[in-house]
Amino acid sequence: MKLSTFILACAAACSLPSAAFEYEGLEYEDLGDGTVQLYSAASATGDATIPATVYDTEGNAYTVVALRKSSFRDAQVDKVTLPETLRSIGSSAFAHSTVKYIKFNEGLETIGNNAFYDCKNLDNVVLPSSLNELGEMAFIYCESLMKIAIPEGITTLRSATFKECTRLETVELPSTLTTFEDQVFSTCYALESIAVPEGTTEIPESFCYQCTQLTDLQLPETVETIRNGAFALCYGLEHINLPNSLTTLLNGAFSGCYNIQEVVVPSSVRTMGSDIFYQNASVKTITLGENLEVMGFGTLG
């Protein structure tokens with residue numbers, strides 16, 4: 001064996017935890033309480049089913065409760081079925097894999113950051129009602145995903161959760177969801193409508209940036225702030241109904257929305273940043289609220 005090959009082999013072996021064992025071709029790590037996490041399924045191909053119970057070389061039984069970070073990373077799989085005992089999916093668990101369909105189990109509580117990063121074939125996702133945490137960039141670059149329903153109980157969508165899901169057309173948001181971080185639906189070109197749930201007070205930066213097919217935007221009467229570029233380059237918007245709760249419109253919030261024809265800024269608005277309606281050539285009238293105190297450069301285009 002060449003020295004370089006020997007070193008690589010040793011490095012691979014040393015990277016495995018001492019409590020790891022193999023079962024039916026996949027590697028699991030003992031968590032010390034009768035449970036295990038799937039450690040690596042990089043070699044999995046085709047359809048993969050993770051069992052609820054696995055056994056070590058001595059015949060001891062363990063319950064599978066988690067997928068470790070990067071456990072399916074780059075795996076050439078089509079369909080993955082998860083056990084009813086699973087509680088969490090680690091960060092980057094399926095990143096860059098070829099997975100097309102995931103059968104999520106009821107009982108799953110957490111999907112980590114980047115869990116399905118760049119899963120370009122993933123087109124069928126039904127999230128379980130037990131889910132209460134969805135990590136940032138969880139489905140970023142999933143370009144085949146066409147619809148998603150976020151279950152009740154989720155309160156926050158993290159940064160870029162669905163960014164560049166370019167075929168995503170339909171989104172259903174739960175009543176429990178009140179907090180959005182930046183770029184959640186940025187460059188979801190096919191997204192047609194979005195109804196922001198009641199209780200949301202802030203629309204973040206680049207929230208629906210360049211959602212060019214967005215025609216139906218519903219904002220609740222709780223939104224107080226719309227941040228930079230939140231709906232910039234949403235060409236499909238012809239009408240916007242700004243809620244009476246709104247106090248602050250920040251830079252470029254609706255810039256490049258060149259099909260909007262009329263804007264009524266409610267009297268509740270006190271601050272308007274720069275270039276809010278920049279390059280909105282079709283706007284015929286903009287009615288400003290009577291309590292406006294600050295207006296930035298180029299606000300009216």
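Two strands are taken as paired if DSSP finds at least two bridges between them. Strands (E, at least two residues) are DSSP runs, numbered from the N terminus. The structure is a predicted model, in which local features need pLDDT of at least 70, side-chain atom pairs count only at pLDDT 80 or more, and totals for chains, interfaces and linings use all residues. Residues are numbered from 1 along each chain as its sequence is written, and side-chain values use heavy atoms, with hydrogens and water left out.

Strand β1 (residues 20–23) runs antiparallel to strand β2 (residues 26–30), to which it is joined by 4 bridges. Within this pair, F21 has Y28 of β2 as its bridge partner. The two strands β1 and β2 form a hairpin with 2 residues between them, and E24 in the turn has a positive phi of about 50°.

Strand β2 is also joined by 4 bridges to strand β3 (residues 35–40), again in an antiparallel arrangement. Here the bridge partner of D30 is V36 in β3. The hairpin of β2 and β3 has 4 residues between the strands, and G32 in this hairpin takes a positive phi near 90°.

A further set of 5 strands forms an open sheet with parallel pairing, in the order β17-β19-β20-β22-β24. The edge strands of this sheet are β17 (202–203) and β24 (294–295), each of which pairs on one side only. Within the sheet, 2 bridges join strand β20 (residues 248–249) to strand β22 (residues 271–272), and these run parallel. In this pair, L249 stands opposite M272 in β22.
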